[in-house]
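Let's take a walk through a protein model together. Have the sequence and the 3D view ready as we go.

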Amino acid sequence: MPAPIVLIAEQLSPATIAALGPDFEVVYVDGTDRDALRSGLATADAVLVRSATQIDAEALSWAPKLKVVARAGVGLDNVDIKSATQAGVMVVNAPTSNIISAAELTVAHILGLARHLPRAHSSLSAGQWKRSSFTGIELYEKTVGIIGLGRIGALIAERLRGFGVELIAFDPYVTAARAQQLGVQLVSLEELIERVDFLTIHMPRTPETLGMIGAEQLKAMKSTAYVVNVARGGLIDEEALIAALNAGEIAGAALDVFMQEPPTDTSLTGLPNVNVTPHLGASTEEAQEKAGVSVAKSVRLALAGDLVPDAVNVAGGVIDEYVRPGLPLTEKLGQVFAGLADGPIASLDIEVHGELAGRNVEALRLAALKGLFSKIVSDPVSYVNAPLLAEQRNIEVRFSVDGVSESYRNVITLRGSLTDGTPISVSGTLTGPKQVEKIVEVNGYEVELPIPEHLIVFSYTDRPGIVASYGNLLGEAGVNIAGLQIARDEKKGTALSVLSVDSPVDESLIEALRVAIGAEKISTIDIDVQ
């Protein structure tokens, strides 16, 4: 039997090739040459790329044997994940390869701002000696605020403690115990913004976090404060940042990422009090080598038919065919659970009920954690790092299986509590010959609703006119209700409405809904249905 062919489409480290081992035929092409790429993909079982090679729908159509696309890095902008999934091609990346490099670059930018290093260098390189123009500040006893205390945020905290700074952080999903371990004080976003001398942000870019540091937040900062963004372009509103810098509302900024890359407008990058780098978060020899070795190992697993921990679209390997359809369902239930949580999570029970009890369902535990943390942390989440993320946050995770399921053949339940004792639960199942994914329980209320892309869940005192009230508000806002389920604990007691809607709902509309119906609690949840 011929050896599987692994196509290397960009320059990778020798350690990457060594990690593949001797069991493959390795073929090299220039991935930016489309004709060469087409020729190579025609016989490839796997392809390894970095960022220059475009693995789009057209490229995938050239690859009848392809089983896995491996991106030696974190981002996947150059891989068409949807088309790969439709073609049955696994996509893997290296989600943990750059965390140290990104943390160190953040610290470097903080130091560069404190001591005006880029401007001082440029001045001296131009033959000028202007020491008094570049008087900086010490980090010692300054306040550094970290927005997003995930793995990168935690690494930054560890590194900055040695400078004698005061560390504060905002992260609604991190417990006080975890923050205390890191030597960080948890505060509200508003308090953090008012107190910091340096602000660094490490959040995912979502509709909720896009522009989360805007004009209002920048105006509330000290005029001597600095902001740093090495995470995702757009977390800091660039137009608001330009205005704040020009008005002297803050002292300066350091940016490694931008809404448009490369940025073509110099109105931000050309300001004298802005330090910029061209998206260098992962640009170290060590990060590149880690990324290459990581995806090489994933390729070996994929081509051997084993579980691939870092698969981002499909779970690979030796998973029971009866269990496999439950993986995307369970991952979405994890996302719903995260959306229902409005504070740090203390515990999570993952329960599998029904006929699945006789199978190996361990992958469902990983899928639940992966879905949960994909909505909580800014870092990429995989089957490998999801349990570690739970451990880092002191979340007690339990997994149980039993053969009893009264209403459905199988039911998967995620049940847990917040650190303040608030209970949360969501259950789901697959129904019918098409295995339709459905939510069948939320916070103890029985419902049955196909899992949508956009979900609104709210509880309120049951009384006449509520449905008309929120229906009118949503209609006036142009938000179409695609599905609706109402459950209640008793007549004229507490009721729960679960709505699937066709578009995201902004915070002002949610507040209007809250007031109109007197909602006890209201959650909006955007679900990755890919």
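**A few spots along the chain**

Start with Gln435, which sits in the loop between strand S16 (423-431) and strand S17 (436-442). Helices (H or I, at least four residues) and strands (E, at least two) are DSSP runs, numbered from the N terminus. Phi of Gln435 is near 50°, a positive value in a residue other than glycine. Gln435 counts as partly exposed because its relative accessibility is 38%; buried means under 20% relative accessible area, exposed over 50%, and partly exposed in between (1.4 Å probe, protein chains only).

Keep in mind that this is a predicted model: local features need pLDDT of at least 70, side-chain atom pairs count only at pLDDT 80 or more, and totals for chains, interfaces and linings use all residues. Residues are numbered from 1 along each chain as its sequence is written, and side-chain values use heavy atoms, with hydrogens and water left out.

Now hop over to Asn394, in the loop between helix H16 (385-392) and strand S14 (396-402). Phi is positive here too, near 55° for Asn394. With 36% relative accessibility, Asn394 is partly exposed.

Next stop: Pro262, in the loop between strand S11 (252-255) and helix H12 (266-269). Look at the peptide bond from Glu261 to Pro262: this bond is cis, with omega near -5°.
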